[in-house]
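Q: I would like to learn how to read a few features of a protein model. Please take them one at a time.

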Amino acid sequence: MEIYVVRPNDTIDKIAQQQGADVNSIIEINQLTAPYRLAVGQSLLFSGRTPQQAELIRPSRGRSVFRSGYAYPFIASEVMEETLSWLTEVAVFSYGFTPSGNLIPPTLDDTWIVQEALSLGVIPTLTLTPLGADGHFNNHLVSALVREPSVQRRLVTGLASVMLEKGYQAVNIDFEYVERGDRDGFTSFVAYAANVLNTLGYLVSVALAPKHSDDQPGLLYEGMDYGGLGAAANWVVLMTYEWGYTYGPPMAIAPINQVRRVVEYALTKIPASKICLGVPNYGYDWPLPYTRGVTAAKTLGNIEAVETAIFYGAPILFDQTAQSPYFRYWQYGIEHEVWFEDVRSWREKFLLVEQYGLRGIAVWQLMRLFRAGWTLLDAMFPGT
């Protein structure tokens, strides 16, 4: 497989001829639509014979990697079906709970995803979150849970019951904004849940905010004990994304220098074989100028981002420090800045998995199909 970066005056036919590649394969893998216009700086993944202007994808030494991804129950069935073919695990987002420990199922039926996963040998995982009625993470719910053993028992009993009923095989505990005072209680809850559920034959993973030091300040980090949580769970997911986020200034979603920093810290606390690297599958479009507390970015998919660049004739640039693509365009007199993911930025993250011998990846989220990214993963880890 090769990654080719589009140059001025390139066309699909010209690239295919130069690289010894099949035009239809380029179109399919990269989800191109007629009339197949391209953006300068756009990255294309394909199989070719003469990599004159392309970068060869070098496969790993053949080891397998764990492939996970989060999906809401309203994911399009055709997207779910195709994506499942690349996955080891699909984590359904999400189940909540009341202050007394009663489990709250998703609004939409999740059974169909579980059944589809099981039919393909993919692990269906129940994602547990402390989301409040407003849809935001609620640290008061976390406190109510971790400070009261009876609430924990009720919740874990409910989890076991639903998993048995629906066919779930694992639980992913995704608690964010855990207060500093609940740090040890949260770790103890994960250990308790894992002990009970492992005994029943279920696996337990935990999502970790992207820390880079023990004493990193901030509500997102202070309640996360990497060492304790890594020891308690069967594996962990590093949420290595959202440096660029909806209400923040325009920047890469997951700059590789920051991602590497988190990975290297995590490895001082948790065995590599227990670490899944979080990988974003989306981008953000910010109107400019950015004003803190006022500007809000729009979420868009990676394919949608490229189509936006093509529509407005904007060249796609690539930040070498962040190893991420971005571009700017004008609409109705307002300038926009877009950061997203492509096969080049995904490749850099996969290289970290290979370099540090990590367990695998966990993609947030699967709602938009990114066929080139998954094809790239297969090319880099052919032993999976």
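Q: Where is the place of Pro289?

A: A few conventions come before the case. This is a predicted model, in which local features need pLDDT of at least 70, side-chain atom pairs count only at pLDDT 80 or more, and totals for chains, interfaces and linings use all residues. Residues are numbered from 1 along each chain as its sequence is written, and side-chain values use heavy atoms, with hydrogens and water left out. Helices (H or I, at least four residues) and strands (E, at least two) are DSSP runs numbered from the N terminus. Pro289 sits in the loop between β12 (283-287) and β13 (298-300).

Q: Which residue does a cis peptide bond join to Pro35?

A: The residue is Ala34, and omega of this bond is about 10°. Pro35 belongs to the loop between α2 (23-29) and β2 (43-46).

Q: Is Gln323 buried or exposed?

A: Buried means under 20% relative accessible area, exposed over 50%, and partly exposed in between, with a 1.4 Å probe and protein chains only. Gln323 counts as buried because its relative accessibility is 13%. Its phi is near 55°, a positive value in a residue other than glycine. Gln323 is in the loop between β14 (317-319) and β15 (324-331).

Q: What is the phi of Tyr332?

A: Phi of Tyr332 is positive, about 50°, although this residue is not a glycine. Tyr332 lies in the loop between β15 and β16 (334-339). With a relative accessible area of 77%, Tyr332 is exposed.

Q: At what angle do helix α10 and helix α12 pack?

A: Axes are lines fitted to C-alpha atoms, for helices over the stretch in contact, and angles run from 0 to 180 degrees between N-to-C directions. Helix α10 (residues 256-266) and helix α12 (residues 343-356) pack at about 25°, and their axes are 11 Å apart. Therefore α10 is roughly parallel to α12; the classes are under 35 degrees for roughly parallel, over 145 for roughly antiparallel, 65 to 115 for roughly perpendicular, and oblique for the rest.

Q: Which residues of α10 and α12 meet?

A: Contact means heavy atoms within 4.5 Å. On the α10 side are Ile256, Val259, Arg260, Val263 and Glu264, and they meet Glu348, Lys349, Leu352, Gln355 and Tyr356 in α12. The residues of this contact between α10 and α12 divide into 5 nonpolar, 1 polar and 4 charged. Here Ala, Val, Leu, Ile, Met, Phe, Trp, Tyr, Cys and Pro count as nonpolar, Asp, Glu, Lys and Arg as charged, and the others, Gly among them, as polar.

Q: What covers the buried residues of α10?

A: The cover includes α9, β10 (235-238), β11 (275-280) and α12. The buried residues in α10 include Ile256, Val262, Tyr265 and Ala266.

Q: How many aromatic pairs are there?

A: A pair of aromatic rings is described by the distance of the centres and the angle of the planes. Rings of Phe, Tyr and Trp (its six-membered ring) pair if their centres lie within 6.5 Å; planes under 30 degrees apart count as stacked, over 60 as edge-to-face and the rest as tilted. The count by this rule is 24 aromatic pairs. For Tyr226 and Tyr265, the ring centres are 5.1 Å apart and the planes are at 45°, so the pair is tilted. This pair links distant parts of the chain, with Tyr226 in helix α9 (residues 226-232) and Tyr265 in helix α10, 39 residues apart. Both Tyr226 and Tyr265 are buried.
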